[in-house]
Amino acid sequence: MNALEIINKYYPTENTLKQILLIHSQSVAEKALWIADKHPELDLDKDFLYEASMLHDIGIFLTDAPEISCLGEKPYICHGYLGADLIRHEGFPKHALVCERHTGAGISLKEIQQRNLPLPHRDMKPISLEEQVVCFADKFFSKSHLYKEKNIGKVLKSVSKHGWEGVDRFTHWSNLFL
């Protein structure tokens, strides 16, 4: 699989949005690979981590987030499952799960229903270690402040806005991956 070929298919024009996606995704990939190198005992698939990190946000162009040049119609929270649909169509179901399950610190079916989120009614929490690593690494980088890695405190504050389930997952990952 060539993640950049897939990105170029859905982002054929060199523009601000494509640059934001590429810079953000590369930062996430570097953090995920750093975790894999730090924890050889986890036996993480580094090729998959790189590919999935590069593709995890591919659906952002379908969402409405003008502050990062996304001019689509769906709410931004939908970018994960929308990207998963694209990547499934490309024939990569395992990578699609990373797209779908990386939003927040993962979102449970219970959270989707309780908060009436505009998401399909299914559990969207990362399961495999690679899914968890990409989700964790993603939390350290925003698309509005490229090149700047957040510290743990800022990440926890951001994750806490979305509920305590996410905080518990992120705290567990911090203990496991850092």
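Trainee: Which residue forms a salt bridge with D57?
Mentor: K143 does. Keep in mind that this is a predicted model. The closest N and O atoms of K143 and D57 are 3.0 Å apart.

Trainee: Where do K143 and D57 lie?
Mentor: K143 lies in the loop between α7 and α8, and D57 in the loop between α3 and β1, so the pair ties together parts that are 86 residues apart in sequence.

Trainee: Are K143 and D57 buried or exposed?
Mentor: Both K143 and D57 are buried.

Trainee: How many salt bridges does the count come to?
Mentor: The count comes to twelve. One of them joins K31 and E149, with the closest N and O atoms 2.5 Å apart. K31 lies in helix α2 and E149 in the loop between α7 and α8, so this pair ties together parts 118 residues apart in sequence.

Trainee: And K31, buried or exposed?
Mentor: K31 has a relative accessible area of 11%, so K31 is buried. E149 is at 40%, which means it counts as partly exposed.

Trainee: What does D37 pair with?
Mentor: The D37 side chain meets that of K46 in a salt bridge, at 2.4 Å from N to O. K46 is partly exposed, with a relative accessible area of 40%.

Trainee: Why would such side chains pair at all?
Mentor: Opposite charges can pair when the charged atoms come close.

Trainee: Which residues are linked in a network of salt bridges?
Mentor: D85, R88, E100 and R122 are. E100 is also one of the buried residues of helix α5.

Trainee: OK, α5 then. Which of its residues are buried?
Mentor: Helix α5 covers residues 93-101, and its buried residues are H95, A96, V98, C99, E100 and R101.

Trainee: What covers them?
Mentor: The cover includes α3 (46-55), α4 (79-89) and α7 (129-138).

Trainee: Switching to rings. How many aromatic pairs are there in the whole structure?
Mentor: A search finds seven. One of them is Y11 with F61, an edge-to-face pair. The centres of Y11 and F61 are 5.2 Å apart, with 80 degrees between the planes. This pair links distant parts of the chain, 50 residues apart. Y11 is in the loop between α1 and α2, and F61 in the loop between α3 and β1.

Trainee: Is Y11 buried or exposed?
Mentor: Y11 is buried, at a relative accessible area of 4%. F61 has 24%, so F61 is partly exposed.

Trainee: What about F140 and F170?
Mentor: Their ring centres are 5.9 Å apart and their planes at 45 degrees, so that pair is tilted. F140 is in the loop between α7 and α8, while F170 is in helix α9. The two are 30 residues apart. F140 counts as buried at 2% relative accessibility. F170 is buried too, with a relative accessible area of 0%.

Trainee: Which residues form one aromatic cluster?
Mentor: F136, F140, F170, W173 and F177 form it.

Trainee: What is the lining like by class?
Mentor: The lining of the largest pocket has nine nonpolar, 14 polar and 14 charged residues.

Trainee: Last one, backbone. What is the phi of D43?
Mentor: D43 has a positive phi of about 50 degrees, although it is not a glycine. D43 is found in the loop between α2 (16-38) and α3. At 66% relative accessibility, D43 counts as exposed.

Trainee: And the phi of Y147?
Mentor: Y147 has a positive phi too, about 75 degrees, and is not a glycine. Y147 is found in the loop between α7 and α8. Its relative accessible area is 69%, so Y147 is exposed.

Conventions
Residues numbered from 1 in each chain as written. Predicted model: local features only at pLDDT ≥ 70, side-chain atom pairs only at ≥ 80, totals over all residues. Heavy atoms only, no water. Buried < 20%, exposed > 50% of the residue type's maximum accessible area, 1.4 Å probe, protein only. Helix = DSSP H or I, 4+ residues; strand = E, 2+ residues; numbered from the N terminus. Contact = heavy atoms within 4.5 Å. Nonpolar A, V, L, I, M, F, W, Y, C, P; charged D, E, K, R; others polar. Salt bridge = Lys/Arg side-chain N within 4 Å of Asp/Glu carboxyl O. Phe/Tyr/Trp six-rings, centres within 6.5 Å; stacked < 30°, edge-to-face > 60°.
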